[in-house]
Amino acid sequence: MLRDFKMIQPFKFEVGDTVYEITRPQQLMVIIRRSGLIYYCRLLDEKSHEIVFMERDLKKEVNYGCSQQAPASDNEIHHQS
C-alpha cells in the first residue's frame, strides 16, 4: 500500500520569480504563469512573447551583488571567493 502513496513535491518556482534556462544562463526571464510543471516565461529586458519551459530546464536567478546576469555555470558559483 505504501507504494501507491506519492509525495506531493512543492513547486520550485512561483509566478514573478526571476529564472534562467540552464543552457542560456545569461538570459534572465520572469515567470508569468504556471500550469503544473510547465512554466510560461518572458524575457526580463523586453516585452517578448511567452516562452514555455519544463521545471527541470529552469534555475532560479541568485543576485550576486550588482550583476544582473546569472552565473555562466554551476562551477563558476563554487569558484567565486
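This is a predicted model: local features need pLDDT of at least 70, side-chain atom pairs count only at pLDDT 80 or more; totals for chains, interfaces and linings use all residues.
Trainee: Thanks! In what order do the five strands form the sheet?

Mentor: The order is E4-E3-E2-E1-E5, in an open sheet with antiparallel pairing. Strand E4 (51–54) and strand E5 (58–60) each have a single partner strand, so one side of each has no neighbour in the sheet. From one strand to the next, the twist averages 50°; such angles, from 0 to 180 degrees, are taken between the N-to-C directions of lines fitted to C-alpha atoms, for helices over the stretch in contact.

Trainee: How many residues lie between E1 and E2 in their hairpin?

Mentor: Two residues separate them. Four bridges join E1 (residues 18–21) to E2, and Val-19 stands opposite Met-29 in E2. E1 also pairs with E5 over three antiparallel bridges, where Tyr-20 faces Lys-59. On to E2 (residues 24–35) and E3 (residues 38–43): they pair over six bridges, with Val-30 opposite Arg-42 in E3.

Trainee: Which residues make up the largest nonpolar core?

Mentor: The general idea is that nonpolar side chains tend to be buried together in soluble globular proteins. A nonpolar core is a set of buried Ala, Val, Leu, Ile, Met, Phe, Trp, Tyr and Cys residues joined through side-chain atoms within 4.5 Å; buried means under 20% relative accessible area, exposed over 50%, and partly exposed in between (1.4 Å probe, protein chains only). Here the largest core has nine residues: Phe-13, Val-19, Met-29, Ile-31, Tyr-39, Cys-41, Leu-43, Phe-53 and Leu-58. E3 gives the most to this core, with three residues.

Trainee: And what is Cys-41 in contact with?

Mentor: Contact means heavy atoms within 4.5 Å. Beyond four places in sequence, the partners of Cys-41 include Val-19, Met-29, Ile-31, Phe-53 and Leu-58.

Trainee: Is Asp-17 buried or exposed?

Mentor: Asp-17, in the segment before E1, counts as buried at 15% relative accessibility. A polar atom of the Asp-17 side chain lies 2.8 Å from the backbone nitrogen of Glu-14. Beyond four places in sequence, Asp-17 is in contact with Met-29, Val-30, Ile-31 and Lys-60.

Technical notes: Residues are numbered from 1 along each chain as its sequence is written. Side-chain values use heavy atoms; hydrogens and water are left out. Two strands pair if DSSP finds at least two bridges between them. A polar contact is a pair of N or O atoms within 3.5 Å; within protein, one must be able to donate a hydrogen and the other to accept it, and residues adjacent in sequence count only if both atoms are side-chain atoms.
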